[in-house]
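Dear colleague,

I am passing on the structure below, together with some notes on what turned up in it. Please keep in mind while reading that this is a predicted model.

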Amino acid sequence: MPAAAEYMDRALDLARKGEGRTRPNPAVGAVIVAGGQLVGEGYHPEAGQPHAEIFALRQAGDLARGADLYVTLEPCSHQGRTGPCADAVIAAGIARVFVGTGDPNPQVCGRGIARLRAAGIEVQIGLREAECRRLIAPFARHVTTGLPLVTLKSAVSLDGKTATVTGDSQWISGPASRLHVHRVRDRVDAILVGIGTVLQDDPRLTTRLPEGGRSPLRVVVDSCLRIPETAKLVKGLAEAATLIATTSRASSEKVERLRRQGVEILVADGPDGRVDLAQLLLQLGQRGIQHLLLEGGAGLNNAMLQAGLIDRVMVFVAPKLVGGDDGFGIFAGAGVRCLGEALTLADVRSCRFDDDILIEGEVVRCSPA
């Protein structure tokens, strides 16, 4: 008979099927086990659809009575677009509930667990908690701060270069790594780049997978509105929407021309005449953006770093040596003066894509003194 952790692993696999498609809700998976047999399972596919527990209960039917429920997130206890899952679990006669992690939503936040326990159901919390928290991190960031979770993605050579001295960067990472990036794009809500990347590479920033996929909103930080009107991000609006964040320094005539082509223009003036990145993220959060993939160049990456706006890091390290004192790194500009000031990552994990190594981690935020 599989161990409890294996059932939660199955629930996590199910939840990932909805990743990037459920906002404003989190991705959740659920499994029901009776007599050592999996009798029901489900995941939340999109907002407005039943939650994971409901799908699992429907599949289990009468077999749910006296069974165990494994769910990646605390069952909800409030009435939203669907009814409270905690009530459905109680009505079905579930005997035990294994919860991966509590719900950070202030509307839930322990109330679902309390309701289950008040009904006499045994509840255990924390099974595969790190993995469950990681899965809902974009939702948690958004529901508690109003901001999207920002994941910095980059690819570097073994000696830390993102490009050669001439700017040649295609390709540092291998095909398997690049395919994984497209799978990540398929699960995020928006991609953020700077105007330097647009001028250098003229990217499409779309999701290109063999099985298809969903292309997220494309966001460009362009303080002076230098983007060419012939850029792929402007001409390729049929592939995905494009939003340009600029300032009042931008030409009003060019703003109108771009708007007529279907590009959305957002003005976010900062005190230095550049786009206010914190204001940009706040406005993206107000649009419901939960997960933002930062694929910027060194300048935008460093500005986001200095503003404390990076939450997660994923760096592909390729077995290549660029060499020399020149070349490009992940960040440009001044860095910290001592290692004690360096940004620290937690929950660090790694995996291989052919010869490349992907290193990921969550940014540790210092609590205010």
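Helix α1, which covers residues 4-16 and so has 13 residues by the DSSP runs used to define helices, reaches 19 Å from its first C-alpha to its last, close to the 18 Å expected at 1.5 Å a residue. Its buried residues are Ala5, Tyr7, Met8, Ala11, Leu12, Leu14 and Ala15, and what covers them includes the strands β1 (29-34), β2 (37-43), β3 (68-73) and β4 (96-101), as well as helix α5 (129-135).

Those strands belong to an open sheet of 5 strands with mixed pairing, in the order β2-β1-β3-β4-β5. Because β2 and β5 (122-125) stand at the edges and each have a single partner strand, one side of each is left without a neighbour in the sheet. From one strand to the next, the twist averages 15°. Within the sheet, β3 and β4 run parallel and are joined by 5 bridges, and aspartate 68 stands opposite arginine 96 in β4. Helix α2 (residues 52-60) also packs on the sheet, where it touches β1, β2 and β3, and its direction makes about 145° with that of β2.

Elsewhere in the chain, I would draw your attention to the second largest pocket, which has a volume of about 720 Å³. This pocket is lined by 28 residues, and those that lie nearest its centre are Leu305, Phe331, Ala342, Leu343 and Thr344. At least two residues of the lining are supplied by each of α12 (298-306), β12 (312-318) and β14 (356-363).

How values were computed: Residues are numbered from 1 along each chain as its sequence is written. This is a predicted model: local features need pLDDT of at least 70, side-chain atom pairs count only at pLDDT 80 or more; totals for chains, interfaces and linings use all residues. Side-chain values use heavy atoms; hydrogens and water are left out. Helices (H or I, at least four residues) and strands (E, at least two) are DSSP runs, numbered from the N terminus. The expected span of a helix is 1.5 Å times one less than its number of residues. Buried means under 20% relative accessible area, exposed over 50%, partly exposed in between (1.4 Å probe, protein chains only). Contact means heavy atoms within 4.5 Å. Two strands pair if DSSP finds at least two bridges between them. Axes are lines fitted to C-alpha atoms, for helices over the stretch in contact, and angles run from 0 to 180 degrees between N-to-C directions. On a 1 Å grid over the protein atoms alone, a cavity is a set of points where a 1.4 Å probe fits but cannot get out, and a pocket is an open set with protein on both sides within 12 Å along at least five of seven lines; lining residues have an atom within 4 Å of a point. Grid points are joined across faces, edges and corners, and a volume is the space filled by probe spheres set on the points.
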